[in-house]
Amino acid sequence: MKKVGVLTGGGDCPGLNAVIRAVVKSASEKYDYKVTGIEDGFEGLVLPDKTRDLTPQSIRGILSVGGTMLGTTNRANPFEYKITIDGRSETRDISREVLGNIQSMGLDALIVIGGDGTLKIAYELFKRGCPVVGVPKTIDNDILATDVTFGFRTAVQTATDALDRLHTTAESHHRVMVVEVMGRYVGWIALETGIGGGADVILIPEIPFDMERVCKKIDDRKNSGSRSSIVVVAEGAKPVGGDISILCPAETGGSAERLGGLGNKVGANISCHGREVRVTVLGHVQRGGSPCAFDRILSTQFGVAAMDLIANKRFGEMVCLRGKRIESVSLSEVTQGQKKVPTEEGLVKVAESIGISFGR
Ligand code: F6P
């Protein structure tokens, strides 16, 4: 019987368990494959005793559960693996060892569920002969060649619910509420949350903002009788001519730089302008909890499609959504960059048509 390994890499996101479940179910129902779960991303291909058999029994009940039953980490890149020798830490390329481990585990193929960083590692392993298939995951929705990633819609719903709650308290106190949302270097979460949650200003990385214009929008609203305003700030947005707000720099072979702090900066600027402001940083609330129905369905489609690719030996590809169809695309194409928000069409134009300001 053939054996496929499955791992989840990078930050967690709602819908990961639903993909794992679909892989395991279709491996047993549609194909005659065994599934091995690899724990903590690529770490499970380096350290011993980090694998377990996944059966239809062992994945029972996980469809609606957030996070990942396999665990994950963004600190185990086999091409820049951090090790400590005599108290000194250094990074090494241990990809050959990982490829050897995949063989000795008896895996015929590997399903890698992850965001851009994890998919890049998958592609590098593929180029070195590993029979790998990718599944795109991220709340940020920044992966090329797929209309949407699972986890994104759940994150937008969570953030929109938060905006609904902030409206009532903002209105009662005549305050400006600034809400910082995730998204790294793209503004998809901020844009859709801002429209869905009725924001007055949305700041996204793709449109550098002018603080004067943001304050003018808030003043105009006050002058026309709206005593509260809601400003949605993407963590990766930046002012014209300014820099992105970074909490912690990236580590070699480890986690990426941590963004954050822009919400407080924008809030401070607005209060200097004479308005009472409160800032909410939604943070990891957006990543936790149960996936919405859309994400459960998309995750299930992706899991089944990943097994189809493996059964047809279509290695080096990633499953994706295009329109209503589940298709696949080469990992080489996907790892070329990030999917940004278009600034002169689509939802940005819809938002501007109803008076939402992007500070431009
Ligand atoms: O990529 C998903 C994401 O949630 C980003 O939106 C955010 O910047 C980052 O991960 C946070 O990462 P961590 O969980 O390492 O703090």
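Helices here (H or I, at least four residues) and strands (E, at least two) are DSSP runs, numbered from the N terminus. Axes are lines fitted to C-alpha atoms, for helices over the stretch in contact, and angles run from 0 to 180 degrees between N-to-C directions.

What you have open is a predicted model, in which local features need pLDDT of at least 70 and side-chain atom pairs count only at pLDDT 80 or more, while totals for chains, interfaces and linings use all residues. Residues are numbered from 1 along each chain as its sequence is written, and side-chain values use heavy atoms, with hydrogens and water left out.

**Stop 1: α1 and α8**

Select residues 16-29 for helix α1 and residues 293-311 for helix α8. Their axes come within 7 Å and cross at roughly 40°. That makes α1 oblique to α8; angles under 35 degrees count as roughly parallel, over 145 as roughly antiparallel, 65 to 115 as roughly perpendicular and the rest as oblique. The crossing of α1 and α8 is right-handed. As for the word itself, a crossing is right-handed if the near helix is turned clockwise from the far one by less than a right angle, and left-handed if anticlockwise.

Now show the side chains. From α1, pick A18, V19, A22, V23, S26 and A27; they meet R296, S299, T300, G303, V304 and M307 of α8. Contact means heavy atoms within 4.5 Å. Sorted by class, the contact of α1 with α8 has seven nonpolar, four polar and one charged residues. In that sorting, Ala, Val, Leu, Ile, Met, Phe, Trp, Tyr, Cys and Pro count as nonpolar, Asp, Glu, Lys and Arg as charged, and the others, Gly among them, as polar.

**Stop 2: α4 and α5**

Next, select helix α4 (residues 152-173) and helix α5 (residues 188-196), whose axes come within 9 Å and cross at roughly 45°. So α4 is oblique to α5. Here, too, you can look for handedness: α4 passes α5 in a right-handed crossing. On the α4 side, colour F152, R153, A155, V156, A159, T160 and L163; on the α5 side, colour W188, I189, E192, T193, G194 and G196. By class, this contact of α4 with α5 has seven nonpolar, four polar and two charged residues.

**Stop 3: α6 and α7**

Go on to helix α6 (residues 211-223) and helix α7 (residues 262-272), which pack at an angle of about 60° with their axes 10 Å apart. That makes α6 oblique to α7, and the crossing of α6 and α7 is right-handed. Select M211, V214, C215 and I218 in α6, and you'll find them meeting V266, N269 and I270 in α7. The residues of the contact of α6 with α7 divide into six nonpolar, one polar and no charged.

**Stop 4: G9**

Click on G9, in the loop between β1 (2-8) and α1. Is G9 buried or exposed? At 3% relative accessibility, G9 counts as buried; buried means under 20% relative accessible area, exposed over 50%, partly exposed in between (1.4 Å probe, protein chains only). Leaving aside neighbours within four places in sequence, G9 is in contact with G41, T72, T73, I113, G114, G115, T118 and K137. Draw a C-alpha to C-alpha distance to A256 as well: G9 and A256 are 13 Å apart in space and 247 residues apart in sequence.

**Stop 5**

Most residues other than glycine have a negative phi. D86 sits in the loop between β4 (81-85) and β5 (88-92) and is exposed, with a relative accessible area of 78%.

Then jump to N141, another non-glycine, with a positive phi of about 60°. N141 lies in the loop between β7 (132-136) and α4, and at 3% relative accessibility N141 counts as buried.

**Stop 6: the cysteines**

How many disulfides are there? Taking a disulfide as a pair of cysteine sulfur atoms within 2.5 Å, the count comes to zero. Select C13: the nearest cysteine sulfur, that of C292, is 10 Å away. C13 is buried at 1% relative accessibility, whereas C248 is partly exposed at 31%.

**Last stop: S330**

Finish at S330, in strand β15 (residues 325-330). S330 is partly exposed, at 29% relative accessibility. Not counting residues up to four places away in sequence, S330 touches G316 and E317. Now select Y123: S330 and Y123 are 207 residues apart in sequence and 9.1 Å apart in space, C-alpha to C-alpha.
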